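Dear colleague,

I am passing on the structure below, and my notes on what turned up in it follow directly after. Please read them with the coordinates open beside you.

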Amino acid sequence: HVSPVNAVAITQDGKHIVSGSDDMTVKVWNLDTGKEERTLTGHTGSVMAVALTYDGNHVVSGSGDWTIKIWNLRNGKDEGTLAGHTGTIMALGVTSDGKRIVS
């Protein structure tokens, strides 16, 4: 990241860390190597919150652009954007079955 990190989450298997930053990106890090595996871009505001699904297949990110994005953790693709907030998303959670996002 080139700006402060606002949020981090660790996958259930302990192999990856996901971080969100003021640089408007989400980064995926390999805990074994300490290296960045990919950068997820698409937000137009600071990423303030990140959460992972229990199965480790998806990460959700909340931003100052008032949106939540759903990302495929394995290939980095943006799988959807949820709009409707009227302010910055500061916290996120995902239910254990992966069917609901709470913000």
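Gly62 has Ile68, a residue of E7, as its bridge partner, and this pair belongs to the antiparallel pairing of E6 with E7, which extends over 5 bridges. Please keep in mind throughout that the model is a predicted one. The two strands form a hairpin with 4 residues between them, and in its turn Trp66 adopts a positive phi of about 75°. Trp66 sits in the loop that leads from strand E6 (58–63) to strand E7 (68–72), and it counts as partly exposed because its relative accessible area is 41%, which falls between the 20% and 50% limits.

As for E6, 5 of its 6 residues are buried, so that the strand is mostly covered.

On one side of E6, the pairing with E5 is antiparallel and comprises 5 bridges, and within it Val47 stands opposite Ser63 of E6. The hairpin made by E5 and E6 has 5 residues between the strands, and there Gly56 takes a positive phi near 75°. E7 is in turn joined to E8 by 4 bridges, the two strands running antiparallel, and Lys69 is found opposite Thr81 in E8.

Which residue forms a salt bridge with Lys69? The partner is Asp78, and the closest N and O atoms of the pair are 2.9 Å apart. Lys69 counts as buried because its relative accessibility is 8%, under the 20% limit, whereas Asp78 is partly exposed, with a relative accessible area of 36%. The structure holds 2 salt bridges, and in the other one the side chains of Lys27 and Glu36 meet at 3.2 Å, N to O. Lys27 is likewise classed as buried, at 10% relative accessibility, while Glu36 is partly exposed at 36%. As background, side chains of opposite charge can pair when their charged atoms come close.

E7 also contains Asn72, which is counted as buried because its relative accessibility of 14% is under 20%. A polar atom of the Asn72 side chain lies 2.8 Å from the backbone nitrogen of Arg74. When its neighbours within four places in sequence are set aside, Asn72 is in contact with Asn57, His58, Lys77 and Glu79.

There is one further loop to report, the one between strand E2 (16–21) and strand E3 (25–30), where Met24 is placed. Although Met24 is not a glycine, its phi is positive, near 75°. Is Met24 buried, partly exposed or exposed? At 34% relative accessibility, Met24 counts as partly exposed.

Asp22 lies in the loop between E2 and E3 as well, and it too is partly exposed, its relative accessible area being 30%. Not counting residues up to four places away in sequence, Asp22 touches Ser3, Pro4, Asn6, Ser46 and Met48. With one of these, Asn6, the contact is polar, and the two side chains are joined at 2.7 Å. By contrast, Asp22 and Asp32 are 25 Å apart in space, C-alpha to C-alpha, with a separation of 10 residues in sequence.

When you go through the model yourself, you might begin with the positive phi values of Met24 and Trp66, and then turn to the salt bridges of Lys69 with Asp78 and of Lys27 with Glu36.

With best regards

Terms used:
Residues are numbered from 1 along each chain as its sequence is written. This is a predicted model: local features need pLDDT of at least 70, side-chain atom pairs count only at pLDDT 80 or more; totals for chains, interfaces and linings use all residues. Side-chain values use heavy atoms; hydrogens and water are left out. Buried means under 20% relative accessible area, exposed over 50%, partly exposed in between (1.4 Å probe, protein chains only). Contact means heavy atoms within 4.5 Å. A polar contact is a pair of N or O atoms within 3.5 Å; within protein, one must be able to donate a hydrogen and the other to accept it, and residues adjacent in sequence count only if both atoms are side-chain atoms. Two strands pair if DSSP finds at least two bridges between them. A salt bridge is a side-chain nitrogen of Lys or Arg within 4 Å of a carboxyl oxygen of Asp or Glu.
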